[in-house]
Amino acid sequence: MITLRGINFNVNSRPDQLVTFRVFITDKLIVSTRHRKVYSIDEVVDELQSGVGPTDCGSWLVEVSDALTDHASEFIEDLHDKIIDLEDALLDQQIPERGQLALIRKQLIVLRRYMAPQRDVFARLASDRLAWMSDDDRRRMQDIADRLGRGLDDLDGSIARTAILADEITSVLADAMNRRTYTMSLLAMVFLPATFLTGLFGVNLGGIPGGDKPFGFALFCLLLVALGAGVTWWLKRSRWL
């Protein structure tokens, strides 16, 4: 009994929700079971119907394994392209949508979890001297195992890159927050003298300077503008702006 998994191309399903099918195989009999449609098997069935498919049980298993690995490699390449797009966007200070990176990382981890044992299954089939597999079938199965192994190496690299991306996104968000906080602090410093003076002159007590002058309010506004300009000049001179 052999258990294999493939990429899920069914409608309303994510590719990382892998489809599973089980195969009992001898030199003259193939029995397979599945709950959901497996496109890799359908491709081999189409080849058989067109008269160009496998001719025995061993070559059938090799063809199915090859189709499964092709689909897995295509999905890994698609995830790799998505990571490159995220990296390019991050270089332009564009933060990905919430959950986008988490979904890619989850798909990578799920694929790594289930494809690693499948690579071992292919390698075991290539090394065991099964009577219903020819030497050519074993050689092709070893090639499939090696190809899937290279895909697993790509998965490991992609998982590491998503971790770096997550750290970089956190850094970009922290820098943006620090810049906003810094800007608000500078604005508070610019308006601090004006706030103090308006609060002082806003008390309802007698003897406020300029209270009986017709141009007192205009002079007070000019004073506030001058204070703001002076504080701004001092901040620029101190290289805070």
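A search of the whole structure finds 15 salt bridges, a salt bridge being a side-chain nitrogen of Lys or Arg within 4 Å of a carboxyl oxygen of Asp or Glu. The structure is a predicted model, in which local features need pLDDT of at least 70 and side-chain atom pairs count only at pLDDT 80 or more, while totals for chains, interfaces and linings use all residues. Residues are numbered from 1 along each chain as its sequence is written, and side-chain values use heavy atoms, with hydrogens and water left out.

One of the salt bridges lies within a helix. Arg139 and Asp143 meet through their side chains, at 3.4 Å from N to O. Both residues belong to helix H4 (residues 135–201), where they are 4 residues apart, about one turn of the helix. Helices (H or I, at least four residues) and strands (E, at least two) are DSSP runs, numbered from the N terminus. Arg139 is partly exposed, with a relative accessible area of 45%. Asp143 is also partly exposed, at 40%. Here buried means under 20% relative accessible area, exposed means over 50%, and partly exposed lies in between (1.4 Å probe, protein chains only).

Elsewhere, salt bridges that share partners join Arg34, Lys37 and Asp42 into one network. Asp42 meets the side chain of Arg34 at 3.7 Å, N to O. Asp42 also meets the side chain of Lys37, at 3.8 Å, N to O. Asp42 is buried, with a relative accessible area of 17%. Arg34 is partly exposed, at 40%. Lys37 is partly exposed as well, at 41%.

Attention turns next to the sheet. Three strands form an open sheet in the order E1-E2-E3, and the pairing is antiparallel. Strands count as paired if DSSP finds at least two bridges between them. Strand E1 (2–6) and strand E3 (30–34) stand at the edges with a single partner strand each, so one side of each is left without a neighbour in the sheet. From one strand to the next, the twist averages 25 degrees.

E1 and E2 pair in the antiparallel sense over 5 bridges. In this pairing, Gly6 stands opposite Val19 in E2. In a regular strand the side chains alternate between the two faces of the sheet. E1 has a covered face made up of Ile2, Leu4 and Gly6. Its uncovered face holds Thr3 and Arg5.

Strand E2 (residues 19–25) and E3 run antiparallel and are joined by 5 bridges. Arg22 stands opposite Thr33 in E3. Phe21 has Arg34 as its bridge partner in E3. A hairpin joins E2 to E3 through 4 residues.

Two helices were then examined as a pair. Two packed helices are described by the angle between their axes and the distance between the axes. Helix H1 (residues 39–50) and helix H2 (residues 57–91) pack at an angle of about 130 degrees, with their axes 8 Å apart. Axes are lines fitted to C-alpha atoms, for helices over the stretch in contact, and angles run from 0 to 180 degrees between N-to-C directions. H1 and H2 are therefore oblique to each other; angles under 35 degrees count as roughly parallel, over 145 as roughly antiparallel, 65 to 115 as roughly perpendicular and the rest as oblique. H1 passes H2 in a right-handed crossing. A crossing is right-handed if the near helix is turned clockwise from the far one by less than a right angle, and left-handed if anticlockwise.

Asp70 lies in helix H2. Asp70 counts as partly exposed, at 31% relative accessibility. Asp70 and Glu87 are 17 residues apart in sequence and 26 Å apart in space, C-alpha to C-alpha.

Most residues other than glycine have a negative phi. Asn12 has a positive phi, near 60 degrees. Asn12 is placed in the loop between E1 and E2. At 80% relative accessibility, Asn12 counts as exposed. Gln93 also has a positive phi, near 65 degrees. Gln93 is found in the loop between H2 and helix H3 (100–127). Gln93 is exposed, with a relative accessible area of 52%.

At the level of the whole chain, there is a division into domain 1 (2–177) and domain 2 (204–238). These bounds come from an automatic or database domain assignment. The centres of domain 1 and domain 2, taken over C-alpha atoms, are separated by 72 Å.
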